[in-house]
Each structure stands twice: as C-alpha cells, then as structure tokens.
Amino acid sequence: MKFGSSQSVTRQEDQRFLTGHGRYVDDIAPEGALHCYLLRSPVAHAEITELDVSEARAAPGVHLVVTAADLTAAGLANSIPFTVIDTEDGGKAAAPRRPILAEGRVRFVGEPVVFIVAETMAAARDAAELVEFDFDELEPKLDVAIGGPEIHPEAPGNLCYSWGAGDKAAADTAIAEAAHVVTVTVEDNRIMCASMEPRAIYAEMVGERLHVCENGQGVWTKKAEISAWLGMDPEDVHVTTPDVGGAFGMKTMRYPEHFLLSFAARQLRQPVRWMADRTESMLSDNGGRDLTCTAELAFDADLKLTGYRLHTVSNVGAYVSGFAQIIQSRLFSHVFPGVYDVQAAYMNNKAVFTNTTQVDAYRGAGRPEAIYVLERAMDHAARVLGTDPMELRRRAFIKPGQMPYKTAAGELYDSGNFARAMDRAAREADTAGFEARRAASAAQGKLRGQGLCYYIEAILGQPMETAKVELTGSGAKVYVGTQSGGQGHETVYKQLLRDRLGLDLDQIEIVQGDSDQIAKGGGTGGSRSVTVQGSAIYATSDVLLDGLLPFAEEVIGAEGARFDPEEAVFRAPGSNTVVGLMELAERAEAEGRADLLTAEKEIRNAGRSFPNGCHIAEVEIDPETGFLAIERYTVTDDLGNLMNPMLVEGQIHGGIAQGAGQAMNERVVFDENGQLLTASFMDYGMPRASDFPFFDFHSEPTETETNMLGMKGCGEAGTIGAMAAVANAVQDALWPVGVRVADMPFTPHRVWQMIEEAKGAIGTDQG
C-alpha cells in the first residue's frame with residue numbers, strides 16, 4: 001500500500017538508527033586520523049602573563065601545537081565571524097572581536113587557549129599538561145545587569161546593545177490612560193542545549209581539496225567562512241554533514257573548532273578528528289535564555305488589553321557571534337505582540353556581556369522568551385484583577401474576521417482562530433472539572449494548579465529553498481538544502497515526493513548535508529524545514545513532470561497527456577496506452593534524453609507562517625517537600641496541514657518535554673568566580689520520562705497560503721507553549737499560600753523555599 005502526505009507513516013530512517021547503522025561523525029572519521037585537544041581557560045576572567053608551548057611541541061606523539069600567535073604568523077585572522085545589529089538610537093551594537101584562540105585575556109571558563117594535535121588523545125592531553133600557562137585573575141562579571149567589571153573596552157558598562165521595537169509613545173500613552181495597570185518582573189533561567197550527540201568534526205585533505213565533516217545544521221555557511229578564512233577557492237572546500245544526534249539551534253553556530261581543524265588538516269596533510277566530551281560541551285557550547293523582563297500591561301475598564309511595555313535585560317555571554325544579537329533581540333519582534341489585538345506596544349531589550357559562555361542558542365525553540373514573558377504577565381494580571389485567565393485572553397484575542405492582521409511590530413498574521421483552539425483545549429483538559437480535582441488534592445494536603453499559555457511563533461530563516469529531483473534506475477533521489485537532526489525529515493520528504501511522483505517510499509533516497517552535491521541551501525532552524533524545503537520539493541517535482549510530458553506524448557502517440565500520481569503513469573485522452581514513470585525514464589535514458597530525468601528549482605514562500613496553539617498544564621505540589629508533579633497536559637495546536645500527524649505529535653511531545661524540563665529542573669549555575677557548577681548530568685537536571693504524564697494532543701488547523709503545502713511548522717511549538725503553561729500552573733498552585741511571583745526552575749528545594757518564605761511574609765502581615 002502506498003502512502004502520501006498527511007498520513008501517519010512510521011519513520012523510514014529509524015531502521016538504521018535502531019540497528020546501529022547510523023552514520024555519525026565519530027563513527028566515520030578516517031582511520032588513523034590524528035586526535036585534537038583544546039587546552040581551555042580554567043578561570044572566568046584573567047590577563048594572560050605567560051604562554052609557553054615549547055615543551056608541549058616536543059612531547060611524544062605531538063604533531064602540531066597552535067596558539068593565537070601561530071595563527072597570526074600564518075597570516076590568518078584570529079577571529080570568529082560575528083554579526084552586529086543596529087541599536088535603538090540608530091547606532092551600532094558593541095562589536096568586540098571573538099578570538100579563535102585567546103590572546104591577551106581569557107573571558108570565560110572553557111575559552112580555548114591552545115590547540116594540540118597528536119597521534120592519540122592521551123598524547124594530546126599529556127602535552128597539554130606541559131604548557132606553561134600563567135595569568136593574573138581579574139574580577140568576573142556574572143550578573144545580568146549593566147555595569148560591573150569591564151570585559152571589553154569596546155563595551156562601556158558591559159552594554160552590548162539597547163534595541164527596541166514597537167511604538168514607545170503610543171505604549172506610554174496607553175499605560176498612562178489605562179483604567180488598570182499590572183506590572184510584574186519574571187526571570188527566564190539559563191539552560192544548556194545538551195544534545196544527545198556532542199559537537200564533532202573531522203577534516204582531511206583530498207588531493208588539493210579540503211573536506212570538513214561536522215554534525216551541524218547546514219553546510220553552506222561553514223563552507224563560505226572556512227574558505228574565506230583560509231584564503232581558499234570555495235570550490236576547493238567540501239563540507240558534509242552525516243547523521244546528527246540533536247542540534248536545537250546550538251549546532252548552527254560558529255565555533256573555534258571549525259577553523260582550527262581545517263587549519264590543521266591543511267597544515268599537516270593528515271586527517272584530524274575532534275569530539276567534545278560532555279563536560280567540554282557544557283563549558284563551550286552556546287547556551288540559551290538567561291534574561292529578566294519587567295512587563296507593564298494596560299487594561300481598560302472592561303479588562304480589555306490596550307497596550308503594554310516590556311523591558312528586558314539579556315545575557316549574551318563573553319562575546320557576540322553570528323547569531324547572538326539577532327536571536328536575543330529580533331526573536332521578540334517576530335511574535336510581538338503575540339495573539340493580542342493591541343495597537344500600542346513597545347519592548348526594549350538591553351543585552352550585556354558577562355564572563356560566561358555565549359548565550360545565543362536555544363534548545364528546541366526559537367521564540368520562547370517573548371511568549372514566556374507575555375503569557376506569565378497575562379496570567380499574573382488575571383489573578384491581580386480577579387478575573388478568569390481564559391476570559392482575560394479571550395477579550396484581547398485577534399478575531400478571525402480581523403485576518404490578515406498587521407501587528408504593532410509589522411508582522412502580518414495571515415490566519416488563525418485563537419479562541420476556537422483555546423476552547424478546544426479547555427474541553428479536552430476538562431477545565432470544568434478542575435476545581436473538584438483541586439479540592440481532592442487539598443484533602444490530601446497537596447496544592448493543585450492549572451496554567452495555560454497561548455503561543456504564536458513565526459517561522460524564521462530564509463524564505464527560499466532549492467530542491468533537485470533526479471530519476472534513477474530504481475526510483476528517485478531528492479537533494480535538499482536542509483539538515484535533519486532527528487526530526488524525521490527523510491520520511492516527510494519521501495511522502496511529499498510520493499504525492500507528486502507516485503513512487504513507493506523505499507524507491508526514494510534523500511540526499512542532504514553535502515556542499516558538492518547540493519548547490520545551496522538555508523539549512524535547518526526556526527521550524528523552516530518542511531514548510532520551505534517541502535514546498536521546493538513539490539515545485540521541483542512539477543518541473544520534472546512538465547519536462548517529461550512532451551516525451552510521454554511521443555511514447556503514447558497522443559497529445560494532452562497528464563500524469564496520474566496514484567498509479568505513477570502518464571495517460572492521454574483518446575488513447576488506451578499508458579506509460580509508467582520509471583518506464584518512461586528508461587526510454588529517455590536509452591534515447592539520449594537523460595536531461596529530462598533531472599529538475600531543479602528554487603522557490604520563495606510568500607511570507608512567514610505562524611503556528612499557534614493553547615497549552616494547558618495541571619500540576620500538584622507537596623508543600624512539605626516542594627515536590628512538583630505534572631498530572632495532566634493538554635495541547636490544541638493550529639499547525640496548518642499536517643504532513644505526517646504521527647511525526648508532528650512526536651515533535652510536540654519532545655518540545656513539551658524540553659520546555660517543561662526547563663520549568664522543572666534545568667538551570668545553568670556558576671559560582672561567584674565564574675566556575676560552572678552544572679558541568680555534568682550529575683549536576684544538571686535534564687528531564688526524564690518519569691517527570692511527565694501522557695501528553696494529550698489535538699489539531700485545530702486554519703488555512704494558510706504562505707506556502708503551497710498549507711503548513712505552519714511544528715518543530716519548536718511544544719517548547720514555546722510548555723514553559724509558560726507549566727510556570728503558570730505552578731503559580732496558580734502557589735498563589736493561595738501567598739507566593740506572588742514564582743520563577744523557574746521549580747525544583748523541590750526552590751518550591752519549598754518559596755512556600756516557606758510566603759508563610760513568613762503572611763505571618764508578618766497578620767502581626
């Protein structure tokens with residue numbers, strides 16, 4: 001039986017993963033490749049006073065030792081590319097250079113100082129012990145606030161930028177004239193990306209060409225930057241990506257290792273390999289979140305939201321990068337002002353440098369911060385104003401009849417029925433029976449709470465993508481510009497091609513992650529893959545069929561031929577002759593018409609799509625221990641057309657686990673000296689299956705015409721909704737005992753401490 005899109009087809013790629021046939025970087029590195037090791041800074045902030053590597057260079061088995069001075073001597077820039085955005089006053093953000101290897105000063109624990117290549121990892125580590133690395137420690141800057149010990153002379157007060165969006169004057173007026181103003185400050189705790197497979201790279205010279213293999217999210221940016229840095233013709237640099245064990249935005253970033261292994265392979269003319277261990281990843285991978293936001297919400301006398309202001313201070317870590325400033329600022333504008341019908345809204349985001357690893361990635365979500373802040377503020381407002389949280393949102397929702405709707409930040413929402421999705425979620429979550437469940441918990445000495453989040457996200461990344469479809473003797477190959485990191489892309493892309501060409505799924509091969517075979521691509525990130533790449537596959541299939549039609553008419557002997565994808569044959573009116581797609585391909589090949597067997601097309605989607613939906617979490621807390629349990633979790637999403645409902649549900653489940661995991665357990669912790677205290681899974685609280693109930697998922701789609709598939713994307717939706725839904729549920733449970741602002745993560749000790757502190761405050765108030 002054949003299956004096309006919109007069918008719950010099991011993942012085609014799982015067969016090789018579950019039988020140990022996955023092809024990951026560390027599995028396929030060349031035999032005999034030299035091992036690479038980075039000596040990293042043991043302190044957060046210091047002036048380098050001595051760096052002598054002479055003994056390390058003479059150590060047994062060592063082939064290369066590189067410092068910042070060596071890169072400069074080789075004529076190479078000791079700098080990682082970065083992006084600088086415009087600030088609110090029309091200037092530019094601070095732009096301190098991030099060195100590949102530290103020079104003069106180190107600015108976070110784990111910053112690379114010396115790069116060593118040796119025959120074995122043990123030899124490389126032994127050589128690192130011989131490096132004379134002395135320094136004078138400086139006071140670290142760790143709090144997320146302007147001021148403190150200066151990290152970069154280019155950034156007085158450690159201010160990276162001050163960026164704003166919306167209409168400040170209108171927001172000021174709305175708040176000044178409001179019948180009710182509710183103000184709340186919430187924190188968004190810092191997390192690690194913690195992919196199952198740590199970052200890994202190998203590099204080798206193949207003749208005069210450099211081949212770099214890495215577990216990233218797209219090959220073209222790396223190809224362009226490595227070739228430019230080394231002064232090589234881009235055609236002489238080949239970048240590939242095999243299977244990837246999780247990426248979450250973190251693996252699309254630029255890191256020193258990309259450049260250093262490329263340099264070593266060309267310098268030594270031998271293959272080199274590197275894979276981070278878990279603690280090294282936690283020290284050096286870009287992290288996510290870490291901000292504090294004050295929200296001011298204005299309501300009229302009927303409790304309709306009329307406007308708001310958000311003032312945020314964000315951590316960008318020790319350096320800026322190619323993505324840090326964009327993610328930490330513009331992610332807010334893409335959902336600003338959410339699903340609410342307000343014309344007066346403004347947000348200001350000040351970003352500061354700290355002596356910590358960069359904070360410019362995100363795990364499983366592109367826009368959670370803005371939604372988290374706004375939905376926490378709306379929930380807080382409902383409690384302060386004494387109204388129902390759903391009703392407060394309903395009054396402020398953009399109505400279906402207002403679509404397309406232009407937000408205060410200039411985004412154009414094309415479709416959505418927010419009230420309908422929320423009502424469906426409420427029914428499925430049995431919100432009507434919640435008070436009875438709360439009473440049952442109270443009878444057992446437990447606190448029960450229910451919280452919701454209505455999220456909307458904007459699909460980011462390039463709106464254009466290219467696909468190439470090639471008919472082969474056994475079926476078809478599809479060349480794509482995105483990169484799967486475990487999402488199931490191969491299965492969905494095969495389904496899409498089956499819809500157009502009628503081939504069985506096992507006749508289709510997906511080719512990804514190869515800069516030689518695929519001319520260009522936007523990579524994977526921001527939930528763009530299926531909406532953009534899938535549209536390109538559809539369009540390219542049509543180009544292929546259009547090119548084959550005249551030849552099919554010749555073979556059939558009749559005009560007006562059309563292709564029937566259900567039977568995978570061409571037929572023409574007035575003729576009983578049909579010709580199968582694969583038969584026609586064989587004829588074309590035999591008659592010297594191989595040019596008909598390949599088609600390539602670039603598409604550009606008409607606009608962003610806006611996945612949205614309602615998450616409702618129900619939690620129970622033991623006030624004696626602070627232990628938190630998620631008892632029920634319900635989601636109703638508007639994701640447009642679902643290409644594979646089973647994969648969508650899996651993506652939503654995983655996203656919820658990520659968002660709820662941050663709410664329950666996860667938090668990066670540094671001590672007062674900038675030492676990372678959560679540098680292993682013994683100390684960093686990743687979510688476990690036992691932390692969750694079964695997630696209840698439902699679909700309430702609305703049409704979108706921003707892409708030919710009618711899809712809105714789903715990869716990050718679960719995380720975006722989960723953070724605020726769980727946090728609001730905890731806040732609801734703790735409100736009766738006097739806790740007015742509950743910040744993540746809700747570990748047992750933190751929850752118990754909040755309850756005990758509230759008891760003390762209540763006791764004081766009562767005299």
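This tour moves through a predicted model stop by stop, naming what to select and what is found there. Local features are described where pLDDT is at least 70 and side-chain atom pairs where pLDDT is 80 or more, while totals for chains, interfaces and linings use all residues. Numbering starts from 1 along each chain as its sequence is written, and side-chain values use heavy atoms, with hydrogens and water left out.

**Helix H7**

Begin by selecting residues 220–230, which form helix H7; helices (H or I, at least four residues) and strands (E, at least two) are DSSP runs, numbered from the N terminus. Eight of the eleven residues in H7 are buried, so this helix is largely enclosed by the rest of the structure, where buried means under 20% relative accessible area, exposed over 50%, and partly exposed in between, with a 1.4 Å probe and protein chains only. Among these buried residues are Trp220, Lys222, Glu225 and Trp229.

Most residues other than glycine have a negative phi, and most peptide bonds are trans. Select Asn158, in the loop between S6 and strand S7 (159–166); its phi is near 65°, and Asn158 counts as buried at 0% relative accessibility. Leu303, in the loop between strand S13 (291–299) and strand S14 (305–317), also has a positive phi, of about 65°, and Leu303 is buried with a relative accessible area of 13%.

For cis peptide bonds, go to the step from Met403 to Pro404, where omega is near -5°; Pro404 sits in the loop between helix H12 (389–396) and strand S16 (405–406). The bond from Met744 to Pro745 is likewise cis, with omega near -5°, and Pro745 belongs to the loop between helix H19 (717–734) and helix H20 (748–765).

**Salt bridges**

Across the whole structure, a search finds 50 salt bridges, each defined as a side-chain nitrogen of Lys or Arg within 4 Å of a carboxyl oxygen of Asp or Glu. Select Arg438 and Glu435, whose side chains meet in one of them at 3.4 Å, N to O; the two residues are three apart in helix H14 (residues 434–443), and are therefore separated by about one helical turn. Both residues also belong to a salt-bridge network that includes Glu375, Asp379, Arg383, Arg393 and Asp732.

Next, display Glu620 with Arg448, a salt bridge of 3.5 Å, N to O. This pair links distant parts of the chain, with Glu620 in strand S26 (residues 612–621) and Arg448 in strand S18 (residues 447–456), 172 residues apart. Glu620 is buried at 14% relative accessible area, and Arg448 is buried at 10%.

Then turn to Lys520 and Glu602, which meet at 2.7 Å, N to O, in a salt bridge. Lys520 lies in the loop between strand S21 (508–511) and helix H16 (529–556), and Glu602 in strand S25, so the pair ties together parts 82 residues apart in sequence. Lys520 is partly exposed at 44% relative accessible area, and Glu602 is partly exposed at 39%.

**Ala594**

Finish at Ala594, in the loop between helix H17 (581–590) and strand S25 (598–604). Ala594 is partly exposed, with a relative accessible area of 37%, and its C-alpha atom is separated by 9.3 Å from that of Leu471, 123 residues away along the chain.
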